[in-house]
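I opened this notebook to keep track of what I look up in one structure. The entries follow the order of my checks.

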Amino acid sequence: MNYSEQTPAPKSVPVDELITGLCATVPDYPKPGIMFKDLTPVFANGPALRSVVGALVEPFKGQFDAVAGVEARGFLLAAAAAYATGTGVITVRKAGKLPREVYSEDYALEYGSSTLELHTTDLPAGSRVLILDDVLATGGTLSAAVRLFERCGVHVSGVGVVMELGELRGRAALAGHRVRSLLRL
(Lines give C-alpha, C1' and ligand atoms only; values in the text may rest on other atoms or scores of the structure.)
Protein backbone atom coordinates (compact mmCIF):
# COMPACT_ATOMS: atom_id res chain seq x y z
CA MET A 1 0.00 0.00 0.00
CA ASN A 2 1.45 3.39 -0.88
CA TYR A 3 0.87 6.62 1.03
CA SER A 4 -2.03 7.74 -1.14
CA GLU A 5 -3.87 4.46 -0.49
CA GLN A 6 -3.79 4.76 3.31
CA THR A 7 -7.14 4.71 4.98
CA PRO A 8 -7.72 8.15 6.48
CA ALA A 9 -8.34 8.48 10.19
CA PRO A 10 -11.49 10.58 10.38
CA LYS A 11 -11.57 13.06 13.26
CA SER A 12 -14.93 11.64 14.32
CA VAL A 13 -13.38 8.25 15.12
CA PRO A 14 -12.21 8.05 18.76
CA VAL A 15 -8.46 7.53 19.07
CA ASP A 16 -8.88 4.25 20.98
CA GLU A 17 -10.92 2.84 18.08
CA LEU A 18 -8.24 3.94 15.59
CA ILE A 19 -5.59 2.14 17.63
CA THR A 20 -7.69 -1.02 18.02
CA GLY A 21 -8.49 -1.10 14.31
CA LEU A 22 -4.89 -0.70 13.14
CA CYS A 23 -2.86 -2.53 15.82
CA ALA A 24 -1.55 -5.99 14.92
CA THR A 25 -1.22 -8.77 17.50
CA VAL A 26 1.77 -11.10 17.10
CA PRO A 27 1.56 -14.33 19.14
CA ASP A 28 4.64 -15.79 20.83
CA TYR A 29 6.84 -12.75 20.27
CA PRO A 30 9.49 -12.13 21.53
CA LYS A 31 9.06 -15.47 23.33
CA PRO A 32 6.35 -18.11 23.68
CA GLY A 33 3.31 -16.99 25.64
CA ILE A 34 3.71 -13.28 24.88
CA MET A 35 0.99 -11.66 22.76
CA PHE A 36 2.96 -8.72 21.31
CA LYS A 37 0.91 -5.65 20.40
CA ASP A 38 2.53 -4.20 17.28
CA LEU A 39 1.63 -0.53 16.88
CA THR A 40 3.71 0.03 13.73
CA PRO A 41 0.57 -0.09 11.53
CA VAL A 42 -0.83 2.78 13.62
CA PHE A 43 2.39 4.76 13.14
CA ALA A 44 2.41 3.99 9.40
CA ASN A 45 -1.00 5.65 8.96
CA GLY A 46 -0.34 9.40 8.87
CA PRO A 47 -3.78 10.57 10.01
CA ALA A 48 -3.85 7.97 12.81
CA LEU A 49 -0.35 8.96 13.95
CA ARG A 50 -1.44 12.62 14.05
CA SER A 51 -4.49 11.69 16.15
CA VAL A 52 -2.42 9.58 18.54
CA VAL A 53 0.24 12.26 19.05
CA GLY A 54 -2.38 14.95 19.58
CA ALA A 55 -4.21 12.84 22.15
CA LEU A 56 -0.98 12.05 24.02
CA VAL A 57 0.23 15.64 24.40
CA GLU A 58 -3.10 17.46 24.84
CA PRO A 59 -3.50 16.87 28.61
CA PHE A 60 0.07 18.12 29.21
CA LYS A 61 -0.08 21.19 26.94
CA GLY A 62 2.20 23.95 28.23
CA GLN A 63 3.59 21.73 31.00
CA PHE A 64 6.79 20.46 29.35
CA ASP A 65 9.94 21.85 27.75
CA ALA A 66 10.96 18.67 25.94
CA VAL A 67 9.54 15.30 24.98
CA ALA A 68 11.48 12.13 25.72
CA GLY A 69 11.09 8.89 23.81
CA VAL A 70 12.08 5.52 25.18
CA GLU A 71 13.91 3.23 22.76
CA ALA A 72 12.76 2.38 20.22
CA ARG A 73 9.12 3.00 19.33
CA GLY A 74 8.96 5.84 21.85
CA PHE A 75 11.40 7.71 19.60
CA LEU A 76 8.75 7.92 16.88
CA LEU A 77 6.15 9.33 19.23
CA ALA A 78 8.52 11.75 20.94
CA ALA A 79 9.89 13.17 17.69
CA ALA A 80 6.39 13.72 16.32
CA ALA A 81 5.18 15.25 19.60
CA ALA A 82 8.22 17.52 19.90
CA TYR A 83 7.73 18.74 16.35
CA ALA A 84 4.00 19.29 16.89
CA THR A 85 4.58 21.28 20.08
CA GLY A 86 7.74 23.15 19.10
CA THR A 87 9.76 21.58 21.91
CA GLY A 88 12.96 19.56 21.98
CA VAL A 89 13.26 15.79 21.82
CA ILE A 90 15.37 13.59 24.11
CA THR A 91 16.21 9.93 23.59
CA VAL A 92 16.32 7.40 26.42
CA ARG A 93 18.53 4.64 25.04
CA LYS A 94 19.50 1.07 25.73
CA ALA A 95 22.90 0.63 27.37
CA GLY A 96 25.98 1.44 25.31
CA LYS A 97 24.29 3.61 22.66
CA LEU A 98 25.08 7.11 23.97
CA PRO A 99 28.54 8.67 23.49
CA ARG A 100 28.73 11.14 26.40
CA GLU A 101 28.47 10.78 30.18
CA VAL A 102 25.30 8.93 31.15
CA TYR A 103 23.19 7.83 34.06
CA SER A 104 22.12 4.17 33.88
CA GLU A 105 19.08 2.39 35.33
CA ASP A 106 18.45 -1.34 35.35
CA TYR A 107 14.85 -2.51 35.10
CA ALA A 108 12.72 -5.62 34.79
CA LEU A 109 10.63 -6.35 31.70
CA GLU A 110 7.62 -8.60 31.26
CA TYR A 111 10.02 -11.08 29.63
CA GLY A 112 13.50 -10.27 31.00
CA SER A 113 15.64 -7.37 32.17
CA SER A 114 17.63 -4.55 30.61
CA THR A 115 19.32 -1.19 31.22
CA LEU A 116 18.40 2.30 30.02
CA GLU A 117 20.71 5.28 29.77
CA LEU A 118 20.33 9.05 29.49
CA HIS A 119 22.94 11.73 28.88
CA THR A 120 23.45 13.59 32.16
CA THR A 121 23.29 17.01 30.50
CA ASP A 122 20.62 16.72 27.79
CA LEU A 123 18.29 19.00 29.77
CA PRO A 124 19.22 21.53 32.42
CA ALA A 125 18.11 20.82 35.98
CA GLY A 126 14.67 22.27 36.60
CA SER A 127 13.44 21.54 33.06
CA ARG A 128 10.16 19.73 32.50
CA VAL A 129 9.85 16.61 30.36
CA LEU A 130 6.98 14.53 28.99
CA ILE A 131 8.00 10.88 28.55
CA LEU A 132 6.35 8.89 25.74
CA ASP A 133 6.42 5.21 24.81
CA ASP A 134 4.22 2.82 22.89
CA VAL A 135 3.10 0.32 25.56
CA LEU A 136 2.88 0.32 29.35
CA ALA A 137 3.21 -3.30 30.49
CA THR A 138 4.94 -3.96 33.83
CA GLY A 139 6.11 -0.35 34.12
CA GLY A 140 9.77 -1.29 34.37
CA THR A 141 10.94 0.62 31.31
CA LEU A 142 9.01 3.78 32.02
CA SER A 143 9.80 3.85 35.74
CA ALA A 144 13.51 3.52 34.84
CA ALA A 145 13.14 6.47 32.44
CA VAL A 146 11.46 8.53 35.17
CA ARG A 147 14.29 7.75 37.61
CA LEU A 148 16.88 8.78 35.02
CA PHE A 149 15.32 12.21 34.54
CA GLU A 150 14.87 12.68 38.27
CA ARG A 151 18.58 11.91 38.78
CA CYS A 152 19.29 14.73 36.31
CA GLY A 153 17.13 17.15 38.32
CA VAL A 154 14.48 17.24 35.58
CA HIS A 155 10.79 17.35 36.53
CA VAL A 156 8.69 14.64 34.88
CA SER A 157 5.45 16.37 33.88
CA GLY A 158 3.86 13.10 32.87
CA VAL A 159 4.05 9.83 31.02
CA GLY A 160 2.06 9.09 27.88
CA VAL A 161 1.53 5.71 26.23
CA VAL A 162 -0.52 4.53 23.31
CA MET A 163 -1.56 1.26 24.97
CA GLU A 164 -1.66 0.00 28.54
CA LEU A 165 -1.80 -3.70 29.40
CA GLY A 166 -3.83 -3.38 32.60
CA GLU A 167 -3.43 -6.94 33.84
CA LEU A 168 0.33 -6.35 34.22
CA ARG A 169 -0.29 -3.43 36.63
CA GLY A 170 2.47 -1.23 35.23
CA ARG A 171 0.73 1.94 36.35
CA ALA A 172 1.64 1.06 39.95
CA ALA A 173 5.34 1.42 39.07
CA LEU A 174 4.60 5.02 38.07
CA ALA A 175 2.77 5.97 41.28
CA GLY A 176 2.95 9.70 41.91
CA HIS A 177 3.19 10.54 38.20
CA ARG A 178 0.44 11.51 35.78
CA VAL A 179 -0.08 8.76 33.22
CA ARG A 180 -2.01 9.23 29.96
CA SER A 181 -2.99 5.98 28.26
CA LEU A 182 -4.98 6.07 25.02
CA LEU A 183 -6.11 2.43 25.12
CA ARG A 184 -6.31 0.18 28.13
CA LEU A 185 -6.50 -3.57 27.56
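Predicted model: local features only at pLDDT ≥ 70, side-chain atom pairs only at ≥ 80, totals over all residues.

**Entry 1: the whole chain**

I began with the secondary structure. I found five helices and nine strands in the chain. Going along the sequence, I wrote the order down as α-β-β-α-α-β-α-β-β-β-β-α-β-β. The radius of gyration came out at 16 Å, close to the 16 Å that the globule rule gives for 185 residues, so I noted the chain as being as compact as a globular protein of that length.

Next I looked up the overall extent. The C-alpha trace spans about 45 × 40 × 30 Å along its principal axes. Of the 185 residues, 45% are buried. The chain exposes about 9200 Å², and I noted that carbon and sulfur atoms supply 53% of that area. I then took the contacts with a separation of 6 or more: residues 24 or more positions apart account for 60% of them.

**Entry 2: salt bridges**

How many salt bridges does a search of the whole structure find? I got eight. I followed up some of them.

I started with Asp65 and Arg128, which form a salt bridge with their closest N and O atoms 3.0 Å apart. Asp65 sits in the loop between α3 (46-57) and β3 (66-70) while Arg128 is in strand β7 (residues 128-136), so this pair ties together parts that are 63 residues apart in sequence. I listed Asp65 as partly exposed, at 37% relative accessibility. Arg128 is also partly exposed, with a relative accessible area of 29%.

The next pair was Asp122 and Arg100, whose side chains meet in a salt bridge at 2.9 Å, N to O. This pair links distant parts of the chain, 22 residues apart: Asp122 is in the loop between β6 (112-119) and β7, and Arg100 is in the loop between β4 (88-94) and β5 (102-109). I recorded 25% relative accessibility for Asp122, which counts as partly exposed. For Arg100 the value is 44%, and that counts as partly exposed too.

Then I turned to Arg151 and Glu105, a salt bridge with the closest N and O atoms 3.1 Å apart. Is Glu105 buried or exposed? Its relative accessible area is 13%, and I therefore put it down as buried, the cut-off being 20%. Arg151, at 40%, is partly exposed. I also saw that salt bridges with shared partners join Glu105, Arg147 and Arg151 into one network.

**Entry 3: back to Arg128**

Not counting residues up to four places away in sequence, Arg128 touches Gly62, Gln63, Phe64, Asp65, Ala66, Val154, His155 and Ser157. I also took one distance across the model: Arg128 and Ala172 are 44 residues apart in sequence and 22 Å apart in space, C-alpha to C-alpha.

**Entry 4: Asp38**

Which strand holds Asp38? I placed it in strand β2 (residues 35-38). Asp38 is buried yet has no salt bridge. The nearest side chain of opposite charge is Arg73, 6.0 Å away. A salt bridge needs the side-chain nitrogen within 4 Å of a carboxyl oxygen, and I left the pair off my list. What I did find is a polar contact between the side chains of Asp38 and Thr40, at 2.7 Å. Leaving aside neighbours within four places in sequence, Asp38 is in contact with Cys23, Ala24 and Val26.

**Entry 5: Ser143**

My last stop was Ser143, in helix α5. Ser143 is buried, with a relative accessible area of 9%. Its side chain reaches the backbone oxygen of Gly139 at 2.8 Å. Beyond four places in sequence, I noted contacts of Ser143 with Ala173 and Leu174. Ser143 and Arg171 are 28 residues apart in sequence and 9.3 Å apart in space, C-alpha to C-alpha.

Methods. Residues numbered from 1 in each chain as written. Heavy atoms only, no water. Helix = DSSP H or I, 4+ residues; strand = E, 2+ residues; numbered from the N terminus. Buried < 20%, exposed > 50% of the residue type's maximum accessible area, 1.4 Å probe, protein only. Lys, Arg positive; Asp, Glu negative; His and termini not counted. Polar contact = N/O pair within 3.5 Å; in protein donor to acceptor, adjacent residues only side chain to side chain. Contact = heavy atoms within 4.5 Å. Rg over C-alpha atoms; globule rule 2.2 N^0.38 Å. Areas by Shrake-Rupley, 256 points an atom, 1.4 Å probe, with all protein chains shown as cover.
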